[in-house]
Amino acid sequence: SAERGAAHAALAAALHDPMGGAPDADRQAWHQAAAAAGPDEGVATALEQAAERARQRLGHAAAAAALERAARLTPARADRARRLIAAAGAALDAGRPDAASALAGQGQSQTAEPGALAEIARVRAWVAMERGAMRRVHELVVAGAGPIAGSDPLAAAAMLRLGAVAGWW
């Protein structure tokens with residue numbers, strides 16, 4: 001295990017660009033993650049950045065994997081929850097509803113923040129919609145939109161529109 005970690009650390013170091021460019025930044029981040037012995041916010045941030053680059057390429061499955069691994073390396077509970085919830089959204093976008101649901105559940109266990117809980121409800125509502133459980137979609141969006149209606153009315157309205165679509169179906 002120690003030798004494997006050292007090998008990944010060496011590979012990450014070999015991929016480092018001293019000129020500031022990062023043509024292999026994603027691979028470097030994954031090798032750093034494989035070398036990490038415990039929580040490491042720097043590595044988690046590098047993986048989150050790799051996830052964003054994957055998302056921009058429409059690589060939603062890669063983004064979900066990077067965000068999930070970043071969450072595992074995140075020491076702060078609030079940041080871990082945020083990354084798990086983002087991983088759930090990316091898994092949903094990748095067409096992996098079971099993974100999205102599981103990641104949303106893990107994120108929910110890490111936070112009580114209304115905006116985060118609303119995003120979890122949104123992910124779960126889309127999973128329910130995909131499965132044809134329209135009544136469940138309605139329950140999820142109403143429960144998720146209520147707590148954020150005052151602080152983020154646009155997000156709440158978007159959730160309720162999803163409920164309206166489910167009702168129409």
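I count a residue as exposed when its relative accessible area is over 50%. With that cut-off in hand, I opened this predicted model and started with the tryptophans.

**Entry 1: the tryptophan pair**

I looked up Trp-168 and found a relative accessible area of 67%, so I noted Trp-168 as exposed. Next came Trp-169, which has 66% relative accessibility and also counts as exposed. I then searched for aromatic pairs and the structure holds 1. That pair is Trp-168 with Trp-169: the ring centres are 5.0 Å apart and the planes stand at 80°, so I wrote the pair down as edge-to-face.

**Entry 2: Ala-66**

My next stop was Ala-66, which has its place in helix α4. Is Ala-66 buried or exposed? I found a relative accessible area of 2%, so Ala-66 is buried. I also asked which residues Ala-66 is in contact with, leaving aside its neighbours within four places in sequence. They are Trp-30, Leu-47 and Ala-51.

**Entry 3: α4 against α5**

Staying with helix α4, residues 60-72, I checked how its axis lies against that of α5. The two axes come within 8 Å and cross at roughly 160°. Angles over 145 degrees count as roughly antiparallel, so that is how I logged α4 and α5. The crossing of α4 with α5 is left-handed. On the α4 side, I listed the residues making the contact, among them His-60, Leu-67, Glu-68 and Arg-72. From α5, the contact residues include Arg-80, Arg-83, Leu-84 and Asp-93. Sorting the residues of this contact gave me 10 nonpolar, 1 polar and 5 charged.

**Entry 4: α5 against α6**

Then I moved along to helix α5 (residues 77-93) and helix α6 (residues 97-108). I noted a packing angle of about 165° for α5 and α6, with 8 Å between the axes. That makes α5 roughly antiparallel to α6. I recorded a left-handed crossing for α5 and α6. Helix α5 brings residues including Ala-81, Leu-84, Ile-85 and Leu-92 to the contact, while α6 brings Leu-103, Gln-106 and Gly-107, among others. How do the residues of the contact of α5 with α6 divide? My tally reads 11 nonpolar, 2 polar and no charged.

**Last jotting**

Key. Residues are numbered from 1 along each chain as its sequence is written. This is a predicted model: local features need pLDDT of at least 70, side-chain atom pairs count only at pLDDT 80 or more; totals for chains, interfaces and linings use all residues. Side-chain values use heavy atoms; hydrogens and water are left out. Axes are lines fitted to C-alpha atoms, for helices over the stretch in contact, and angles run from 0 to 180 degrees between N-to-C directions. Helices (H or I, at least four residues) and strands (E, at least two) are DSSP runs, numbered from the N terminus. Angles under 35 degrees count as roughly parallel, over 145 as roughly antiparallel, 65 to 115 as roughly perpendicular and the rest as oblique. A crossing is left-handed if the near helix is turned anticlockwise from the far one by less than a right angle, and right-handed if clockwise. Contact means heavy atoms within 4.5 Å. Ala, Val, Leu, Ile, Met, Phe, Trp, Tyr, Cys and Pro count as nonpolar, Asp, Glu, Lys and Arg as charged, and the others, Gly among them, as polar. Rings of Phe, Tyr and Trp (its six-membered ring) pair if their centres lie within 6.5 Å; planes under 30 degrees apart count as stacked, over 60 as edge-to-face and the rest as tilted. Buried means under 20% relative accessible area, exposed over 50%, partly exposed in between (1.4 Å probe, protein chains only).
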